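Dear colleague,

I am passing on the structure below for you to look through, and my notes on what was found in it follow directly after.

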Amino acid sequence: MGSRASSLLREEDIEEIKRETGFSHSQITRLYSRFHSLDKGENGALSREDFQRIPELAINPLGDRIINAFFPEGEDQVNFRGFMRTLAHFRPVEDNEKNKNLTSGEPLNSRANKLLFAFRLYDLDRDDKISRDELLQVLRMMVGVNISDEQLGSIADRTIQEADTNGDMCISFSEFTKVLEKVDVEQKMSIRFLH
Amino acid sequence: MEGVWEITFLLVQVWLSIVVGLIMLPAMFGVSLGFTDIYIKVLVKTLEWATLRIQRGQKEQTTLPSQLANGIIEKDDGSMEEEIGELRRSHPKNLAGGDFTLCDAFYFCKKGIENIVEDQVTQRFTSEELASWNLLTRTNNNFRYISVRLTVIWGLGVFIRYCILLPLRITLAFIGLSWLVIGTTLVGLLPSSNAKNWLSDLVHITCYRICARGLSATIHYHNKENRPKKGGICVANHTSPIDIVILANDGCYAMVGQVHGGLMGVIQRSMVRSCPHVWFERSEMKDRHAVAKRLKDYIADKTKLPILIFPEGTCINNTSVMMFKKGSFEIGGTIYPVAIKYDPQFGDAFWNSAKYNMVSYLLRMMTSWAIVCNVWYLPPMTRQDGEDAVQFANRVKSAIAHQGGLVDLSWDGGLKREKVKESFKEEQQKMYSSMIVGSDFHEASVGPA
């Protein structure tokens, strides 16, 4: 329950996370309670199984990709800092106006960083390009068994054709950004945190 | 030395006569001496005062986070079609190869992150967070030291609960349960007759009343005219084993459950001597048809007491009602739905079986302030034509949730321990596929415009 959890989080840590992510003090303590309740092993870090235990996430077609986004390359555990850093991408952009004392450099929840998060959902091998194969794999995750290979293949081809401007049959991050320039990324990739 | 023994003996005598005279006898006759009412009134006043002090304290120290009982995030409730449709509106559509756009992933991504921060299911398996502290250490979430007076009251509370109430309650529970075992065994010796049934009911109700006082339970029954009748099935939402005590204080039911060993087993075996309860062996529980048959045979006899079933199958934290297993709704008979809602200010009734075993749970119950709850009897329901068991179960569940002010969920309470079924994910995939391919089929059948 909450009481022990919030006492394990020190004030200095809260301040650092505040500076790095832009979350408010109360948001950080509430999210720490949530982190703690997901951490069944009580070892201060979450594993992939801890995320899988959330039923609504387990039935999400892209659930595995989203869970993967929390874990840095090659690691199986994510601590609270990492957890918050990933969640910070989903802070609404307007909140930055209120919080002037962020660290310099691009905030984690800028439009570009939100797009990068989405880009990495598709980019399975983290080589900064979405190949036809990767796109097919992600599409397969989203549609299950309901669409044939040929149809899926033509959908993938058409998508790459539309986006690819330099002819390498892959979608780079800048091509990705260009294709989605009219989409309201700030709103669609933001979550309204209370307080 | 004799002096000490004499004094102890005297004290025990006094203690027992107080307990018997002031608690047991009134319980047998269903009379209340009003002690519990006064106690509750004093408690309410104290907790109100404590809440005000805490709020005042929090305003003074602005660094203190304020408690939010209503969630961490605000969610959009749009359906998949609505949300993805909105996403695509800004993107020029080219339907030649199917209706997929790269931004579709945004929808799943956002939903996924929302569920990581706050989901509807996992929160039901832990105790509800309180909006304001009720002076129990166990519910102390973010409440820090506010004032000396508050700490003194808290300390007083600890003393009262552990040193005065706890021994009293344990005595009562002990008396109540031994009375049940002895009483039912004695009644069981009688030949079957109306007198036996009447006596059996009396023994059961007395025991449950004593146990209820053992928890300082204050129960408000509503709509007593809808009370379950003989030959019917009483169905209620499940929060803890105490639900049985709560319901049985106002009526006699036949219990349904698994045979246990140890103390529970002794109680079960003696209960069944005086009136028929339905106890299943562990092996029988696996066979759904055998279970259904036994229950059907039981309710065919209209002179028997209504059976009490908790279709959720597991304890939920009293903020929501989860999926009702259809088994109880397939056997026919009239269903009498009952909604039970506990007031969390006085004590958390939820049994988190992953965290506490039965004994620790009972100790926690006996060291809470009190158990205050509302019980609503709902009008009887029967399965309508053209309605299958699942739909009927959902209809009853909604009625109970609506009455009790609980969230109506379709998620299975079994998710406490098990993984969610793959078929739900497949449903999501199917829904999404029809969004991509739908227009493609349309193109194919209609042809070029």
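**Contacts between the two domains of chain A**

Between domain 1 of chain A and domain 2 of chain A, five residue pairs are in polar contact, with both residues of each pair at pLDDT 80 or more. Please keep in mind throughout that this is a predicted model. On the side of domain 1 of chain A that touches domain 2 of chain A, the elements that give two or more residues are helix 2 (11–21), helix 3 (25–38), helix 6 (63–70) and helix 7 (80–88) of chain A. Helix 6 of chain A gives the most to that side, with four residues, and by class the side has nine nonpolar, five polar and four charged residues.

The rule finds one salt bridge across the interface of these two domains. As for salt bridges in the model, the side chains of A:Glu73 and A:Arg126 meet in one, at 3.5 Å from N to O.

As to the bounds used here, the domain assignment of chain A gives domain 1 as 14–89 and domain 2 as 108–194, and the centres of the two, taken over C-alpha atoms, are separated by 23 Å. In contact with each other are 18 residues of domain 1 of chain A and 16 residues of domain 2 of chain A. Together the two domains bury about 1,500 Å² between them, of which 64% is on carbon and sulfur atoms. Of the area that domain 1 of chain A buries against domain 2 of chain A, 45% is supplied by A:Leu62, A:Arg65 and A:His89, which is more than any other three residues supply.

The size of an interface is often given as the accessible area lost when the parts come together. For chain B and chain A, the area buried between them is about 6,000 Å², with 64% of it on carbon and sulfur atoms. B:Leu102, B:Phe106 and B:Ile116 supply 14% of the area that chain B buries against chain A, more than any other three residues. Counted by residues, 62 of chain B are in contact with 63 of chain A.

Across the interface of chain B and chain A the rule finds two salt bridges. A:Arg34 forms a salt bridge with B:Asp119, in which the closest N and O atoms are 2.8 Å apart.

Which elements of chain B each supply at least two residues of the side that touches chain A? They are strand 1 (73–74), helix 3 (80–89), helix 4 (104–117) and helix 14 (422–446) of chain B. Helix 4 of chain B gives the most to this side, with 12 residues, while by class the side of chain B that touches chain A has 23 nonpolar, 22 polar and 17 charged residues.

**Annotated spans of chain B**

An unreviewed UniProt entry places the feature "transmembrane region" at residues 12–35, 146–164 and 170–190 of chain B. Over residues 170–190 of chain B, the model is 90% helix and 0% strand, and the end C-alpha atoms are 31 Å apart. UniProt, again in an unreviewed entry, also places the feature "domain: Phospholipid/glycerol acyltransferase" at residues 232–343 of chain B. In the model that span is 38% helix and 22% strand, and its end C-alpha atoms lie 28 Å apart.

With best regards

How values were computed
Residues are numbered from 1 along each chain as its sequence is written. Chains are lettered from A and ligands numbered from 1 in the order in which they are written. This is a predicted model: local features need pLDDT of at least 70, side-chain atom pairs count only at pLDDT 80 or more; totals for chains, interfaces and linings use all residues. Side-chain values use heavy atoms; hydrogens and water are left out. Domain bounds come from an automatic or database domain assignment. Contact means heavy atoms within 4.5 Å. Buried area is the accessible area (1.4 Å probe) that two parts lose on being put together, summed over both. A salt bridge is a side-chain nitrogen of Lys or Arg within 4 Å of a carboxyl oxygen of Asp or Glu. A polar contact is a pair of N or O atoms within 3.5 Å; within protein, one must be able to donate a hydrogen and the other to accept it, and residues adjacent in sequence count only if both atoms are side-chain atoms. Ala, Val, Leu, Ile, Met, Phe, Trp, Tyr, Cys and Pro count as nonpolar, Asp, Glu, Lys and Arg as charged, and the others, Gly among them, as polar. UniProt positions are given in the numbering used here, feature names are shortened, and annotations may be inferred rather than shown by experiment.
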